[in-house]
Amino acid sequence: MDIAEWSRKISAGDRRALARAITLVESGRADHRAQAAALLEALAQDGREALRLGLSGTPGVGKSTFIEAFGLMLVEQGLRVAVLAVDPSSARSGGSILGDKTRMERLSRDPRAFIRPSPSQTHLGGVARRTREAVALCEAAGFDVVLIETVGVGQSETVVAELSDVFVLLIAPAGGDELQGVKRGIMEAADLILVNKADGELKDAARRTCADYAGALQLLRKRRHDPEGFPKALCVSALDASGLNEAWAEITALASWRREQGHWKARRAAQARHWFEEEVREALLARLRASGTARARMDRLGEAVAEGRMSPAAAAADVLAAFSAPPVADTSPRKGG
Ligand code: GDP
């Protein structure tokens, strides 16, 4: 299929064209990369924008149950919802996002929703790029909300935080030292902490956990550009679908505030810059790794550093001086858009 026709189909919301495009961006083949870049360029002209909603939580906290209930609520409100997973499928106990057939069964059958399983890829840089491009494709296809899910293995939650307009952390009710289990970085990235399973016997524990997190978030508050009261902690039950409306109201309130204050644009601009720099870093490292002489030199210098004959900084400077990148062809930025 040629790029113009392909992008037209995606813009028109053709799900098969979208699914094929996501497969394309997942490929590492050079010709596929070039095609993907052309397709993304063509689609960027549309300037469509979804709410990118990041969601992180450890296995068993109820992410699938939450996404199913939350996604169904959103589609009932007339919104189109896409769900993408960031984690390499091997990181999931149950295999890929849809490997377990019961995962988001109703939502995956709904024509207003689009669920994409994570590919079996383990390299984080690859996962980040693939997800970023898949998000762009879903936006171009006209989805209103793109939900980006991660179990938060390794650094994947940082990837998701760097991709989302609003970032939500899902946690389970638990005993007193639960707060210790959440990494500081993830707490700082969270706009909303949802304590799930606030139902039945767990209701009281959920309320206590919610109060603990609300207290912890208060300490983080002063350092951020956020409206009054954010970041917040709320109780929800994905099972009973309770608190979901309230959670959505908080998310949209925050999103509107960020748009009005210009933080939305600034955040996306900073993210774009971050990903640009990541791409450059990745490409330079790949180039170094691909060169036999560079590798040999790095091995030699690595020894010298390990034995204390050279400082890490001096050794790195040596490598870079010997292998400074050849001149790069000039490509002008895209016009308009
Ligand atoms: P994930 O690994 O984060 O995707 O978690 P799942 O959605 O697969 O849920 C893990 C377990 O928690 C399942 O047995 C769910 O039925 C249960 N669960 C999920 N949400 C709730 C909830 O709101 N309340 C209760 N009581 N159980 C829940």
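Tutor: For Gly62, a polar backbone atom is 3.0 Å from a ligand oxygen atom, and for Lys63 a backbone N or O atom is 2.7 Å from one. Keep in mind that this is a predicted model: local features need pLDDT of at least 70, side-chain atom pairs count only at pLDDT 80 or more, and totals for chains, interfaces and linings use all residues. Residues are numbered from 1 along each chain as its sequence is written, and side-chain values use heavy atoms, leaving out hydrogens and water.

Student: What is a nonpolar core?

Tutor: In soluble globular proteins, nonpolar side chains tend to be buried together. A nonpolar core is a set of buried (under 20% relative accessible area, 1.4 Å probe, protein chains only) Ala, Val, Leu, Ile, Met, Phe, Trp, Tyr and Cys residues joined through side-chain atoms within 4.5 Å. The largest one here has 50 residues, and Ile10, Leu137, Cys138, Val146 and Ile193 touch the most other members.

Student: Why does this core lie between domain 1 and domain 2?

Tutor: Domain 1 (1–47) and domain 2 (49–260) both give residues to the core, so it lies between them; the bounds come from an automatic or database domain assignment.

Student: Which residues are in the second, separate core?

Tutor: Among its 36 residues are Leu53, Phe66, Leu192 and Val236.

Key: Polar contact = N/O pair within 3.5 Å; in protein donor to acceptor, adjacent residues only side chain to side chain.
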